Structure formats: C-alpha cells, structure tokens
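Here are my notes on the structure, as promised. Have the coordinates open while you read, and go through the points in order.

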Amino acid sequence: MTGSVTGKPAQFAKMNGLGNEIIVADMRGRTDSVTPAAAIALNADPATKFDQIMAIHDPRTPGTENYVAIVNSDGSQAQACGNGMRCVTQALAAETGRKSFVFETMAGILTAEEKPDGTLAVDMGKPRFGWREIPLAEEFRDTRMIELQIGPIDRPVLHSPSVVSMGNPHAIFWVDQDVWSYELEKFGPLLENHPIFPERANISIANVTASDAITLRTWERGAGLTRACGSAACAAAVCGARTRRTGRKATVTVPGGPLLIEWRDDDHVVMTGPAEWEFSGTFDPESGAWTRETESAA
C-alpha cells in the first residue's frame, strides 16, 4: 500500500483475522479521515462488509511508525482491535520487509511483530480493572464479578460478569455449558447498551474447558456478532487468570479459530494469531465508493 493525497481515492486491503472481517485503509500522506458515512456504505456492500476499518495515518508521536484509527461498522470509533492490528502488521510487514512495529491508537502505544512462522503477535498493553478505568457508571470495588444479569431474577440466563478494559470495555459472562447454547444475538445488544456501561461494552460468553483453554463468543460493541474479537480474547484470558479459572497463558478459541493469549509477568497482554489477505482496491474515505483491484490467489 502507498499513501495518496486528500481528495483522491485511498488504497485499502480487505483482510481478516480468524474471520474477523477487517479493512486496512492507507491514509498516510493525507489530512482527511474515514467518515462514518463511508464506513456505513462500505459495510452495506456484501463484498466489503467488515467488523472494523483500521485506518493507517502518519505518526503523531515520536518513536511510533503510524497512528491507527479504528472505525466500527456502525461508523463509531473504537479504541482497540487486536485482530485488526494483526492485519495492519501483516500488511506493513509485506510492504516494508520489516518484522516489528510500534503503533499508536486511541488506547495508547502498542508493539507488534511478525514471527518466523508467519503468525502475528500484538502487545495489547496492560489490562485495567478499576471501575472508573473500564469505565462503569457506578462503583464496584471488585470487578472480578459485578452485579449484572439478564433474564428472570430467580433464574438469570447470564449473570455476574467479570469486567475489564483492554483499551476498550469488556464484560465476560462465565458459563458451564456450550457457549453456542446462548442467544447472544438477542442478549448482546441489550447488554452492550446497559446503563452500567457509559461507553457501551463488548459482551462475551466464556466457557473454561481446561486450565489453559477457553471457548469464547463475543458481541462486539459497534459491530455485533463477530467470528473473532482479539481484545475480547485478551479480556477473557486475563479475567480467567484473575478469577483463578485458568493460568496466565491460555488458548482462547473463538468461532474463527484459536488465539494464544499470554498475560506476562510485566502485566502486558500479548496476543498471537494469524491474519489473511483477501483483495485490495481503492475507496473514497468520504463516501465509501470503492473499486476492486487485485484478488487473493486463493
């Protein structure tokens, strides 16, 4: 990908991270941004339907390669997207031949690298557990389990989630049965917009299958049901360790496949997994009108 000037089409790559549909938009050398209208238009087209747009801008902070703005499919801004950062890393590694990068996002500075086996590792930073940091609308001194449920009071369907910020707010509901037995498409929108979450939240259902294994489904804030949410996988692994359900290193299996999550001793959370290129093209960052250029060899 190469940058272009404002007013002309920008290049993009349609990619995915374990089925999490990503558009990597090259906004380097420009002063404009991807508008909400463009995001909504791109998401309405089956060929470019996506979970997040990762818009690569020129760096804003010395010592970083790029600033990455993240746009949800509803046009809202997101602070973090682990699967999207793997796609960005793979795209820039292919362009530059470099293997390691330092990026800035709304969630802060993060590092990423392409490993010799082709997988991508992203340092998602430190989890935040304080109720104001997540944020929550009211005080909970212990965010390993908060008072929140859905369903009848005496027989709730989901209850007592662990909550954490991985640069964006997450609620993890722990269940003892198959995560597919829950109507997440029904409960997700209600919980995402619950008053307890002033900035909305990513809602996940998690089942611990071993001391180092979690199965996860996620309703992603601003995007809906997704085949993979990297920050949710990190949140589940951290909360699993924090509640003593798992150790500090776990494989989190999302509908799209497995992600390896390690909550290191330095408090940083590192996510490792694949990314896949599908096709590339150009688009108008204001309207979303686009043209296809190259196809995946697959």
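1. Which residues of helix H1 (residues 36–44) are buried? Bear in mind that this is a predicted model. The buried ones are Ala 38, Ala 39, Leu 42 and Asn 43. They sit on the same side of H1, because the arc they cover around the axis is only 130 degrees. As a reminder on helices, an α-helix has 3.6 residues a turn, so residues three or four places apart point the same way.

2. And what covers those buried residues of H1? The cover includes strand S2 (20–26), strand S3 (52–57) and strand S4 (66–72), along with S19 and S20.

3. Those last two strands deserve a look of their own. S19 (residues 276–283) and S20 (residues 290–295) pair in the antiparallel sense, with five bridges. Phe 279, for example, has Glu 295 in S20 as its bridge partner. The two strands form a hairpin with six residues between them. Check Gly 288 in the turn: its phi is positive, about 90 degrees.

4. Stay in strand S19 for Ser 280. Is Ser 280 buried or exposed? Its relative accessibility is 13%, and buried means under 20%, so Ser 280 counts as buried. Leaving out residues up to four places away in sequence, Ser 280 touches Phe 12, Ala 13, Arg 292, Glu 293 and Thr 294.

5. The largest nonpolar core has 51 residues. Within this core, the residues with the most contacts are Met 54, Val 88, Phe 103, Leu 216, Val 252 and Ile 261. Helix H4 (residues 230–242) supplies the largest share of this core, nine residues. Another core, of 23 residues, lies apart from it; Ile 146, Leu 148, Phe 173 and Ile 203 are among its members.

6. Setting aside neighbours within four places in sequence, Ile 261 is in contact with Ala 233, Cys 234 and Ala 237, with Arg 248, Lys 249, Ala 250 and Val 252, and with Val 269, Val 270 and Met 271.

7. How many cavities of 30 Å³ or more does the structure hold? There is one. The largest cavity has about 50 Å³ of space. Its lining is made up of Gln 52, Asn 72, Ala 78, Ala 80, Asn 168, Asn 202, Glu 220 and Arg 221.

Conventions
Residues numbered from 1 in each chain as written. Predicted model: local features only at pLDDT ≥ 70, side-chain atom pairs only at ≥ 80, totals over all residues. Heavy atoms only, no water. Core = buried A, V, L, I, M, F, W, Y, C linked by side-chain atoms within 4.5 Å. Buried < 20%, exposed > 50% of the residue type's maximum accessible area, 1.4 Å probe, protein only. Helix = DSSP H or I, 4+ residues; strand = E, 2+ residues; numbered from the N terminus. Contact = heavy atoms within 4.5 Å. Pairing = 2+ DSSP bridges. Arc of directions from axis to C-beta. 1 Å grid on protein atoms, 1.4 Å probe; cavity = no way out; pocket = protein on both sides within 12 Å on 5 of 7 lines; lining within 4 Å. Points joined across faces, edges and corners; volume = space filled by probe spheres on them.
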